[in-house]
Amino acid sequence: MIASECAPVAKVGGLGDVVFGLTRELEIRGHSVEIILPKYDCMRYDHIWGLQKCYENLLVPWFNYHISCTVWFGFVHGRKCFFIEPHSPENFFNRGAYYGFPDEHVRFAFFSKAALEFMLKSGKRPDVIHTHDWQTALVPVMLYEIYQHIGMWHSRACHTIHNFKHQGIAGANILWLTGLGRPEYYFQRDRMGDDFNHSAINFMKGAVVYANFVTTVSPSHAWEVRHSDWGYGLGHVLHQHQSHFGGILNGLDYDMWNPESDPHIPYHYSAGDISNKYKTKEALRQRMLLRDAYKPIVAYVGRLDPQKGVPLIRHAIFHALHRNAQFVLLGSSPESGINADFWAIKHHLNDNPDCHLEIGYNEELAHLIYAGADMLVVPSLFEPCGLTQMIALRYGTVPIVRAVGGLIDTVFDWDFSERPRQERNGFVFHQTDNLAIESAMDRAIGLWFNEPEQFHELAINGMRYDYSWNQPGKDYVNIYEYIRDK
């Protein structure tokens, strides 16, 4: 695995969780996996055991000179990790943050080059090199254009795209820095030439063209990125290479998210006996200062990001209260305007005993909300995979989701799904207007009040689903076997 993140040592989003979770599942299945990461100064070093130097003075060719690197080795909760530390004036990974710098494409082009150079010089010849997102998308390109000719002829490349919005757009300087050279060759549209900026290369397009197999994080999102705007311009090249492109649903860490043993919730329960969920609901009410009343609790947990359908989240708060339900929210936004809007809503509803908004993030509180709420709204505009709906199902909390990406692959409507009743696990709506989410919420809240036995059955159905890494692990092993030695 070559990636820019791995939870919990270097995590910004879901990418880190996938790298850690998939690696662990592959190891459980008997495969040998090593992870290569940048050695950031801001990593959680308290999650690394036995950190030590394992390769000194790794000379990485860079333009017409070399940059010396030290490679460190350590265990991250049992996972074998190598950390590349470059010694150069650019100070690529000693900046106090993982991302957010104007030379981002240079930083991660260097990391990709250094990872390959480390494998070459240390004698590592993995069957499969699995790369992730734009940050390591140059690895398959350099593997087949440079490194297979100088000793790494055996290795094959699998690339996973978690977020199509960020693709790694750069100029010809990257080609000269990495030793690829030949701009007239790589700028061609059937290689790395960006389809919209003809004076730029596109890292992610390069991975689609060069990797032996490309995945994204759910089957429905794989369709969306080829046939809609959610491919952010890569639809054409994905269509051209569709024979080695597919969607595999991400898994959920079933050790971390487990209502039978979760240390963050006061009462434990299972699909066999869900009664303690209602005690947990009372604990959530006490924590959130909600009144004790015969009402369902509707929740939202996650970033208040435009992608997540912010206007629909806002509307869901007021509609839940209008329908005699309670509402709790835990989340914050990277955009100050959205945060200010939700702070204003919080102040407006400050004296309402049926509502509590927590602007920020608290891991312990997140677990309590997932366990104590009756329903969770996930009204995303787009959602490549989504984990919140899987967590909700694990805890017997009924998801109300919009029919996009991984949401439609995991949630099956109680009223309208073609699946048998025992396989239906939530409520689904399609449009992005207020009436759409109102309709789904009305059906969910109505079932809670009018048919409590059926709502209980629905919650149990959700808990019986297996969205662990078990099936995705099988799927990835099948891909590795498919591309191996090709």
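Biologist: Which strands does helix α17 (residues 470–483) lie across?

Modeller: Helix α17 lies across β5, β6 and β9, and runs at about 145° to β6. This is a predicted model, where local features need pLDDT of at least 70, side-chain atom pairs count only at pLDDT 80 or more, and totals for chains, interfaces and linings use all residues. Residues are numbered from 1 along each chain as its sequence is written, and side-chain values use heavy atoms, with hydrogens and water left out.

Biologist: In what order do the four strands of the open sheet come?

Modeller: The order is β5-β6-β9-β10, with parallel pairing. Its edge strands, β5 (128–132) and β10 (245–247), each pair on one side only. Neighbouring strands are turned by 25° against each other on average, direction ignored.

Biologist: Why are β5 and β6 called paired?

Modeller: Pairing needs at least two DSSP bridges between two strands. β5 and β6 (residues 156–161) have five, in the parallel sense, so they pair. V128 has R156 in β6 as its bridge partner.

Biologist: What makes I317 buried or exposed?

Modeller: Buried means under 20% relative accessible area, exposed over 50%, partly exposed in between (1.4 Å probe, protein chains only). I317 is at 0%, so it counts as buried. I317 sits in helix α10 (residues 310–322).

Biologist: Which residues does I317 contact beyond its neighbours within four places in sequence?

Modeller: They are F327, L329, F342, I345, L349, C355 and L357, where contact means heavy atoms within 4.5 Å.

Biologist: How many disulfides are there, and why?

Modeller: A disulfide is a pair of cysteine sulfur atoms within 2.5 Å. The C54 sulfur is 11 Å from the closest cysteine sulfur, in C81, so that is too far for a bond. For C385 the closest cysteine sulfur is in C158, at 16 Å, also too far.

Definitions and conventions
Helices (H or I, at least four residues) and strands (E, at least two) are DSSP runs, numbered from the N terminus. Axes are lines fitted to C-alpha atoms, for helices over the stretch in contact, and angles run from 0 to 180 degrees between N-to-C directions.
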